[in-house]
Amino acid sequence: MEVRVVNVRKEFERFPALHDVSLDIRSGELIALLGPSGSGKTTLLRLIAGLERPTKGAIFFGDEDASQKSIQERNVGFVFQHYALFRHMTVADNIGFGLKVRHGARPSGQEIRRRALELLDLVQLSGLEKRYPAQLSGGQRQRVALARAMAIEPKVLLLDEPFGALDAQVRRELRRWLREIHDRTGHTTVFVTHDQEEALELADRVVVMSQGRIEQVGTADDIYDTPNSPFVYSFIGESSSLPVKVENGEVWIADRPIGLSAPHAPSGEAVLYFRPHDVDLLDGCSGCIAGTVAASRRVAGTRRVELEVGGERQRVEIELPVDHPAAQKSRVAFRPRRWKLFPAA
Amino acid sequence: MNTAPVKTGWRFRQPSVIPGFGLTLGFSLAYLTLIILIPLSGLVWRSAALGWADFWAIAADRRTLNALKISFGTAFLAAVVNVVFGTAVAWVLVRYRFPGRRIADAMVDLPFALPTAVAGIALTTLYAPNGWIGQLLMPLGIKVAYTPLGIVVALVFIGLPFVVRTVQPIMEEIDKEVEEAAATLGANRFQIITRVLFPGLAPAIITGFSLAFARGVGEYGSVIFIAGNLPFKSEIAPLLIVIRLEEYNYEAATAIAAIMLALSFLMLLVVNLVQTWSRKRYG
């Protein structure tokens, strides 16, 4: 089911949580809402589920305006960070709950049980149907929660930080497993996370959010290689930035051009963004960024060097191969390979 | 190969690394013995001196039986009423924010603090045939004061805080997400309450019930004012004990007390078993 969020605004007691957000989610897509705390990602997810009502705007499921419908009528599967299982029910009863409370065409008790066991098999927990949630591990509980959400054959599957409460090992495992389940069942799935690795690895498309706005929507490649705002640049992956000046299509730091041309950039103050590992090291310096080594740290397979650049001693980080001779020097010159200019804030 | 023999059978469970098990257990036992066990065994001792034949004669006396029936019956009814309305009061106090909520919350404890005789007199004044509420009920043919119904009213008053105060904290802990999960799965408000929330509250409600019930069985002060105390009709067992004492008939008094003790213990035991069972299930 295709989901469209159209010009949605949400205020909590006059405090705006979302400003005019629009988003198209394609049918069968696995999409991640990524952002820091307070960016509005969970609010957006809850609005889609109907757990909150938009202050303005509408949400469409296919051609139907879902914003007029109650949570019960929307038929969404929602998975909570802390599982929210019914602790007085067995695993099988938890999964069958949605079918048991269904109005109208309610399946028979036997049929419900059969469905529950089938789903339990899908989430690889066969044999645990008689357990109570208290007798399961965190990862198992989250699988049960997912099976319970899928039991009602939802139009969309919404997951709110589904792996947030689990430890790193289980997280990675469940991540791969969720991808498999999605590929097998083909539900349109939206999940919220503040873990960029999770979002980039798992999702078909990533929606980066900040302060109640969508900053960028795109594939992992789009988001990482061509960030369209300083926020995305610094939030996704490592980044370094330097205040620069643009004059006649050339980028300057203080009184020296650094050998980058930006023919379409307007003249004036700007900020240069680049990835620390995406730089060329230079020997002589005619048109480069040069700095004094202020600190050098070994990080896994690379060496991260902090440089002080220019008269104002702006600090900037670059990454070098561990055995690179430049790491021993007191002055290093480089030029970013891939970079982007944003107007100075 | 020589392996150390594995100890089997019942053992003390090592509760924690912090020492003090011996001390705390010793203190608890000494304290319980002094405060509860010695007085109660004195009671059983005195009534045992009576001999079976006399004991049965007192126990099977119609006045005794009626008093016991009234005591346990009204206490049971009052506890049931309190479970329903006490849970409702707890729900309102936990779920809603309204002006005066704190005052209402504090009011729930008043029956704890008020001398029960004062409560009894106040209720009697209200529910007497010429009282504020009594005169409204009179034309409907409902007589409250000086009937078993009056006893129930007094016991409802006395027992309310027991239910509210046991259910309230558990209700506060209910995770909002559990309700939201039920709603996304298609459950309506009524189904959420009956299938999701109440089963989770059941152990607390049972505890509240047993506390209110036990309190009701033993209540004396408020009841004797509103009950009218007619033998066979509205005379409660604690009052009968006092009457026997005033007649210097100590044997009869202790015998009735011993029967009450046995019945109460039995009922609380059953409630406790139900509780253990539900705790085991719901973890």
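T292(A) stands opposite E308(A), a residue of strand 17 of chain A. This is a predicted model. The pair belongs to an antiparallel pairing: strand 16 (residues 289-299) and strand 17 (residues 302-309) of chain A are joined by eight bridges. Two residues lie between these strands in their hairpin. There, A300(A) takes a positive phi near 50°.

Strand 17 of chain A also pairs with strand 18 (residues 314-321) of chain A. This pairing is antiparallel too, and it runs over eight bridges. R303(A) has L320(A) of strand 18 as its bridge partner. The hairpin of strands 17 and 18 of chain A has four residues between the strands. In that hairpin, G310(A) takes a positive phi near 75°.

V5(A) has I59(A) of strand 4 as its bridge partner.

## Where chain A touches chain B

The contact takes 20 residues from chain A and 19 residues from chain B. On the chain A side, the elements that give two or more residues are helix 2 (71-74), strand 6 (76-79) and helix 3 (91-100). By class, the chain A side has 13 nonpolar, four polar and three charged residues.

## A helix pair in chain B

In chain B, the axes of helix 6 (residues 116-127) and helix 8 (residues 148-172) come within 10 Å. They cross at roughly 130°, so helix 6 of chain B is oblique to helix 8 of chain B. The crossing is right-handed.

Which residues make the contact between helix 6 and helix 8 of chain B? Helix 6 brings T116(B), A119(B), G120(B), L123(B) and Y127(B). Helix 8 brings G150(B), V153(B), A154(B), F157(B) and I158(B). By class, the contact residues divide into seven nonpolar, three polar and no charged.

How values were computed
Residues numbered from 1 in each chain as written. Chains lettered and ligands numbered in written order. Predicted model: local features only at pLDDT ≥ 70, side-chain atom pairs only at ≥ 80, totals over all residues. Contact = placed C-beta atoms within 7 Å. Nonpolar A, V, L, I, M, F, W, Y, C, P; charged D, E, K, R; others polar. Pairing = 2+ DSSP bridges. Axes fitted to C-alpha atoms, helices over the stretch in contact; angles between N-to-C directions. Parallel < 35°, antiparallel > 145°, perpendicular 65-115°, else oblique. Left-handed = near helix turned anticlockwise from the far one by under 90°.
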